[in-house]
Structures are given as structure tokens and as C-alpha cells.
Amino acid sequence: MDKKSELQKISLEIESCKICKTAKSGKAVPGEGNPNAKIMFVGEAPGKTEAKTGRPFVGRSGKLLRQALKDAGLSEEDVYITSPVKYLPDRGTPTISDIEHGKTHLQKQIDIINPNIIILLGNTACVAMLGSKTPILKRHGEIIKKDGRKYLITFHPSAVLRFPNKYKEMFEEDLKKLY
Ligand code: URA
């Protein structure tokens with residue numbers, strides 16, 4: 001099976017996953033992008049716009065992310081964008097068990113795509129992939145190797161959207177490390 005079909009199979013798994021849907025609503029948001037991407041972006045959980053459309057990062061913070069990656073010289077067509085949690089949590093913020101469960105689907109997506117580097121957008125992505133809370137302000141820009149994978153820690157775009165004066169420049173600098 002080619003990567004595209006393998007990813008479609010995971011999307012179908014997510015769409016019919018009862019555990020994923022617990023205390024959540026809207027459409028499944030499995031992720032989108034190039035199945036052969038060398039760079040993968042991992043966020044937190046879909047927001048309202050994502051849950052309406054079934055597409056990741058298409059709301060306000062998504063626009064900021066997509067613009068920032070263009071500014072860093074990347075093309076949306078070359079990357080894969082997803083989140084550990086695949087549905088909009090009723091409470092907005094995902095629980096640890098939401099992250100733990102969603103990660104099982106995310107790990108399969110990562111294994112299929114096999115990117116050179118995974119950008120961890122904020123603490124939820126770090127909890128999912130590094131297994132622990134991470135002080136983003138202190139650790140952003142760090143490249144970590146774990147279990148044969150390479151990760152870059154940076155801010156979640158919603159934090160950048162809320163406090164542009166504080167985080168925007170650092171976020172943009174972090175993304176330049178992808179060259
Ligand atoms: N924020 C995320 O973390 N993921 C999305 O898919 C959308 C917004």
C-alpha cells in the first residue's frame with residue numbers, strides 16, 4: 001500500500017474510533033498534507049473551525065501557522081499538519097487520557113510519513129511525543145532526539161496569536177531552524 005492509502009486507512013480508523021469521540025464533538029480532524037513530508041507539525045486539538053471543516057489549523061491560529069511556515073520558506077504542500085487529539089474536546093483543553101489515546105493514532109501517522117523532523121507546537125504536543133510537560137519559553141528552539149526521531153520544540157500558534165509582542169519573533173526564529 002502506498003503512503004497516501006495507508007494514511008487514509010488511519011483517517012478511517014479515527015473517524016470510527018469511539019474512544020477518540022468521548023467528550024468531544026464535530027468532525028474528525030485526522031490531519032492533512034504531503035504523505036512524503038520531511039517536516040511534520042503537531043499541535044494540540046482541533047478548535048471550532050477545524051471541527052466544522054474536518055481540516056487541521058484552518059482557524060485563526062492555523063492562519064498564523066500557515067503564514068509563518070511560508071515566511072520560513074516552506075510550502076504547505078511539502079509538510080504534514082496534525083494534532084495528537086483528533087476531535088474538538090467539549091472542555092476545550094484535552095485531558096491527559098485524550099492525549100494518550102490520540103497519540104496512538106498520531107504515532108501510526110508518524111510511522112507512515114517517517115519525517116526527518118517533527119515540530120512540537122506547544123506543551124500538549126510535547127506531552128504526547130516527549131512524555132512530559134515542557135516549559136516552552138525555556139526550551140523553545142531546542143532540537144531533541146528521542147526513540148530515533150528528531151523533534152523541534154516551539155510555541156503553539158494560539159499563544160503567538162494571543163501575545164504576538166512576546167512570542168512572534170521567537171516562533172519565527174525557531175521555524176528558521178528547519179532549513
Ligand atoms: N489547534 C491545534 O492544536 N490543532 C488544530 O488542528 C487546530 C488548532
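A pocket is defined here, on a 1 Å grid over the protein atoms alone, as an open set of points where a 1.4 Å probe fits, with protein on both sides within 12 Å along at least five of seven lines, and its lining residues have an atom within 4 Å of a point. The structure is a predicted model, in which local features need pLDDT of at least 70 and side-chain atom pairs count only at pLDDT 80 or more, whereas totals for chains, interfaces and linings use all residues. Residues are numbered from 1 along each chain as its sequence is written, and side-chain values use heavy atoms, with hydrogens and water left out.

The largest pocket has a volume of about 400 Å³, a volume being the space filled by probe spheres set on the grid points, which are joined across faces, edges and corners. Of its 23 lining residues, Ala45, Pro46, Gly47, Glu50 and Ser61 are the closest to the centre.

The ligand takes up the space of the largest pocket, in the sense that more than half of its atoms lie within 2 Å of the grid points. Polar contacts are pairs of N or O atoms within 3.5 Å: a side-chain N or O atom of His156 lies 2.8 Å from an oxygen atom of the ligand, while a backbone N or O atom of Ala45 is 3.2 Å from a ligand nitrogen atom. Taken alone, the ligand exposes 230 Å², of which the protein buries 95%, with accessible areas computed by the Shrake-Rupley method with a 1.4 Å probe.

Terms used. A polar contact is a pair of N or O atoms within 3.5 Å; within protein, one must be able to donate a hydrogen and the other to accept it, and residues adjacent in sequence count only if both atoms are side-chain atoms.
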